[in-house]
Amino acid sequence: MIALVTGAGSGIGAAIAERLAADGHIVAVNDLSLAAAQATVDAIGKAGGLARAYAADVSDEGQVNAMVAAIAGDLGAPDILVNNAGFGHQAPFEQITPEQFDRMFAVHVRGNFLCTRACLPAMLGRGEGYIVNVASQLGQIGGVELVHYAGAKAAIIGMTKSLAREVSGRGVRVNAVAPGPINTPLVEALSESWQAAKRAELPLGRFGSPAEVGGVVAFLVSPDAALFVGQTLGPNSGDVML
Ligand code: NAD
């Protein structure tokens with residue numbers, strides 16, 4: 001199948017793209033910069049997989065529509081969409097500016113909406129498609145100084161459930177993953193003391209790897225997950241148990 005993974009020039013998105021390529025899918029690798037996306041494409045190529053890089057800001061309607069049209073022309077319309085692009089930002093509520101709030105929702109929530117909107121018609125036309133949204137456990141339980149981030153991730157979980165109810169009967173399965181702490185630049189930017197304290201409170205005693213999240217996404221788009229609809233799976237080292 002053809003898969004589009006957004007924000008796949010780094011971290012979790014890169015690992016998802018690499019895993020889907022290893023599973024035999026042809027992967028459109030999106031990121032803000034072409035160079036970042038190309039680095040993932042090169043890694044996939046070295047491992048014997050097929051991929052192509054596409055630069056676009058997922059919060060920009062024109063860029064998203066142009067990207068999905070280019071993918072359809074180059075590779076074929078995506079059968080799989082992984083809405084992963086995102087960024088972290090932590091600040092006390094009183095210090096979050098309206099601009100920071102808007103950017104958080106623009107990338108995570110509007111970006112998810114725009115990419116899904118661009119890819120869904122072809123999936124419905126074929127009667128088959130798979131959408132996986134990357135949320136966060138913070139969207140389930142909240143987090144201190146993370147009102148904008150946790151709010152955006154909670155919105156993604158609500159969108160996942162709603163779209164799943166709407167389109168599953170027409171062959172498109174929509175699910176989410178809500179990772180706990182995963183070793184990526186996003187988490188490595190947090191202080192060593194925070195990381196050590198967090199690690200100590202995890203039942204598993206360690207953070208996850210991007211590849212371990214990639215494995216969950218690979219499962220969700222596989223026939224083994226045929227009964228998973230509107231679910232939010234939690235690769236979170238036992239931090240959140242629902
Ligand atoms: P990362 O910073 O390593 O990678 C994110 C990628 O998204 C970057 O390459 C960045 O350039 C890209 N990106 C950002 N804004 C974009 C935009 N507007 N359009 C296109 N690409 C854009 O971070 P990561 O940890 O791999 O995070 C990936 C996703 O996983 C994010 O949605 C994040 O919120 C989520 N997440 C991460 C963790 C964690 O512990 N790392 C936990 C839960 C959820």
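Quick housekeeping before I go on. What you're looking at is a predicted model, in which local features need pLDDT of at least 70 and side-chain atom pairs count only at pLDDT 80 or more, whereas totals for chains, interfaces and linings use all residues. Residues are numbered from 1 along each chain as its sequence is written, and side-chain values use heavy atoms, with hydrogens and water left out.

And when I say helix or strand, I mean DSSP runs numbered from the N terminus: H or I with at least four residues for helices, E with at least two for strands.

Okay, back to our pair. Asp 79 is buried, with a relative accessible area of 14%, and Arg 126 counts as partly exposed at 41%.

In general, side chains of opposite charge can pair when their charged atoms come close. In this structure there are eight salt bridges. Another of them joins Asp 57 to Arg 103, again with the closest N and O atoms 3.1 Å apart. Asp 57 is in the loop between β3 (51-55) and α3 (61-74) and Arg 103 is in helix α4 (residues 98-126), so here the parts tied together are 46 residues apart in sequence. Asp 57 is buried at 16% relative accessibility, and Arg 103 is partly exposed at 35%.

Glu 201 bridges to Lys 198, with the closest N and O atoms 2.9 Å apart. Both are in helix α8 (residues 192-201), three residues apart, which puts about one helical turn between them. Lys 198 is buried, at 13% relative accessible area. Salt bridges with shared partners link Lys 198, Glu 201 and Asp 239 into one network.

Let's move on to how helices sit against each other. How do α1 and α2 cross? The axes of helix α1 (residues 11-22) and helix α2 (residues 34-46) come within 10 Å and cross at roughly 30°. An axis here is a line fitted to C-alpha atoms, for helices over the stretch in contact, and angles run from 0 to 180 degrees between N-to-C directions. That angle makes α1 roughly parallel to α2; the rule is under 35 degrees for roughly parallel, over 145 for roughly antiparallel, 65 to 115 for roughly perpendicular, and oblique for the rest.

Who does the touching? On the α1 side we have Ala 14, Ala 17, Glu 18 and Ala 21, and on the α2 side Thr 40, Ala 43 and Ile 44. Contact, by the way, means heavy atoms within 4.5 Å.

Next, helix α9 (residues 210-220). Its buried residues are Pro 210, Val 213, Gly 214, Val 216, Val 217, Ala 218 and Leu 220. Among the elements covering them are α1, β4 and β5 (129-134).

Asn 112 lies in helix α4, and at 6% relative accessibility it counts as buried. Leaving aside neighbours within four places in sequence, Asn 112 is in contact with Asn 83, Val 107, Asn 133, Ile 156 and Met 159. Then there's Ala 56, in the loop between β3 and α3, which is buried at 4%. Not counting residues up to four places away in sequence, Ala 56 touches Asn 30, Asp 31, Leu 32, Gln 63 and Met 67.

Last stop: backbone angles. Most residues other than glycine have a negative phi. Which spots here have a positive one? Glu 145 has a phi near 60°, and its place is the loop between α5 (138-141) and α6 (147-167). Ser 237 also has a positive phi, of about 60°, and it's in the segment after β7. Glu 145 is partly exposed at 35% relative accessibility, whereas Ser 237 is buried at 13%.

How values were computed. Salt bridge = Lys/Arg side-chain N within 4 Å of Asp/Glu carboxyl O. Buried < 20%, exposed > 50% of the residue type's maximum accessible area, 1.4 Å probe, protein only.
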